[in-house]
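Please look over the sequence and the fold shown here before reading on. The report that comes after is meant to be read alongside them.

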Amino acid sequence: MLRYLMAHAAAAMLNVAVVVSLVFVLVNVLPSDPARVRLGVRYNERDAAVIRSQYGLDRPLTTQYLLYLGQLARGELGTSITTGEPIGRALRERLPQSLVLILFSLVWAVPWAFLGGLGAMRRSRLFGIVEATLFSLSAVPVFVLGAVTVFVGIRVFGVSLVPRDSGPGALQFLVVPSLLLAVYPAFVLFKVCRDTLARVLGEPYIRAHRALGLPERTVVFPLALRNVGLSLLSITTNLAAYYLTSIYAVEFIFSLGGIGGWAVGAAQNYDVPVVLATVVVTAVIYNAVGIATSALGPLIDPRVLRA
Amino acid sequence: MRNQVLRLLLATALVMAGVAGVRLIIGSATVTRVAVEQRFSGPSTQHWFGTDELGRDVFVRTVAGAAYSGSLVALALAAAASIGLLAGGLAGLLDRRLLARLVDLLVNVVWSLPGLVFFVAVTTYFGRGFWVIVAAMAAVSWVPIARVVRLEMAREKRAPYVTSLRALGYGERYVFSAILANARAPVLIASLSVAVDLVAAESGLSFLGLGLQPPDPSLGSMIYTGMYYAASGWWMTTFPLLALLAAILLLKAASNRISSPLRTSTE
């Protein structure tokens, strides 16, 4: 167990280390001049020199790399070049807002897992229709769903769904965005639970348990659920990736204060330090979710350890 | 089955050729021609899809945007498929050797960062040109294809026909291409699902203002402007949106259709 965990943690840390180093290479080694990109047609040597010293591009590479690693270790991610704000502090302010949005959307999405389970046990055409509807809706990118919602809000109902000034904690502004964010997870949860449970309930060992007259609720059902748990675990990283990227569009459309909308705004202003910091933070969060799911795996199914 | 796929590919090629043809007829000057006195005018015989906030023709811009998205995704996909075939094929063949491990490491690293986050970073750093976006998308999209090819390779290389080919004295290069030829179907499936993702990612990037820059049109940025000016007219968002939805749903349906019979036959 410990060895398994160590191996997974090491692999995840290696991923993060490579991403972090790639970010550094991107900034410092590749022949691109962010000063030129940022200034565009307004390029002149004096402004370019100022930008280069802001990025620290005028120091030797090894020094830059070590400085960069040291800063990361201390949770310092540099300062934004458009607002001058320390990135670490901005992240601590914005990360919780994104988290609230994601949790809110999970509140909408998780019940569909139970509906999917119900769909596996009761043969009804209704569940097929539900699945087909969710499938088509989830095929639509979330930014399109958001744009359509805002558009319909204005054209049909004459209301602007985008708050002028949404401070943190204004939960009513999160209702629509979280609903939109929940469409894809709802489909995935519904489908995975329905498919897995339907498959497991048809397997010989379940039939054998039933034939032995073992009680449905205390023996058969928990056995089947264990398999569903494993399937759910396998889609967790998929959902994490979905949320980490979808908050970009949703927070941007509804001008919410999370890290997604922040990253988009920074990218529009060519605020390289902020954008690269979001890359590092995303990689860390995503890999942490990966470690967590691989740690839970053997608890549900010990066979994972032997694989 | 093979017929269906062929017909589908043919239809896709025809649609793309049609868009490209209309795009060529239109020419570049009309796409960005501003006519402020005609701004926000609804669909008419003169402007089939109406005009936008600067009086530019929405039909012309929708076609140009579709041509832009289509060519970008097609190029990125072609590059990704080539890299994926080569990297995955070699890794599958050479299992456990240094090159294979290197491919595995790269696959893991790319998979440890959601694509969009990477695209945003790359386009912020290298600028928002056509080729930068193509390169960024190819750099991420070869991974799912390489994984499929690698698995297929690892399984096929123990098949009797491979042993026979070797016994008959065929060279390694011939054997490699023979196995690759057998991996066609899974590669096609993987490529189609990559195509869906790329169309969504490209339009999403433009929607966020991080793709092709104005005044050049792309479906994503047109949807955004249309949403912004929703009160001034319904046509600016609706037409590019329908074009994008049609592309995504078609690709998605196609990838579903060809993957379901194949999956059951291989499992």
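The sections below go through the model chain by chain and then turn to the contact between chains.

## Basis of the description

This is a predicted model, in which local features need pLDDT of at least 70 and side-chain atom pairs count only at pLDDT 80 or more, while totals for chains, interfaces and linings use all residues. Residues are numbered from 1 along each chain as its sequence is written, and chains are lettered from A, with ligands numbered from 1, in the order in which they are written.

## Chain A

Chain A contains 14 helices and zero strands, where helices (H or I, at least four residues) and strands (E, at least two) are DSSP runs numbered from the N terminus. Of its 307 residues, 33% count as buried, a residue being buried if 20 or more other C-beta atoms, placed from the backbone, lie within 10 Å of its own. Among contacts in chain A between residues at least 6 apart in sequence, 74% join residues at least 24 apart; two residues are in contact if their C-beta atoms, placed from the backbone, lie within 7 Å.

## Helices α11 and α12 of chain A

Helix α11(A), residues 216-253, packs on helix α12(A), residues 259-268, at an angle of about 80 degrees, and their axes are 7 Å apart; axes are lines fitted to C-alpha atoms over the stretch in contact, and angles run from 0 to 180 degrees between N-to-C directions. That makes α11(A) roughly perpendicular to α12(A), a term for angles of 65 to 115 degrees.

On the α11(A) side the contact is made by I247(A), Y248(A), V250(A), E251(A) and F252(A), which meet G260(A), G261(A), A263(A) and V264(A) in α12(A). By class, the residues of this contact are six nonpolar, two polar and one charged, with Ala, Val, Leu, Ile, Met, Phe, Trp, Tyr, Cys and Pro counted as nonpolar, Asp, Glu, Lys and Arg as charged, and the others, Gly among them, as polar.

In helix α9(B), residues 184-207, 20 of the 24 residues are buried, so the helix is largely enclosed by the rest of the structure. Just after α9(B), G209(B) takes a positive phi of about 80 degrees.

Helix α10(B), residues 219-228, is also largely enclosed by the rest of the structure, because eight of its 10 residues are buried; among them are M222(B), I223(B), Y224(B) and M227(B).

## Contact between the chains

The contact takes 32 residues from chain B and 38 residues from chain A. On the side of chain B that touches chain A, α4 (98-111), α5 (115-126), α9, α10 and α11 (235-266) of chain B each supply at least two residues, and that side has 23 nonpolar, eight polar and one charged residues.

Key
Parallel < 35°, antiparallel > 145°, perpendicular 65-115°, else oblique. Buried ≥ 20, exposed ≤ 12 C-beta atoms within 10 Å, placed from the backbone. Expected span 1.5 Å × (residues − 1).
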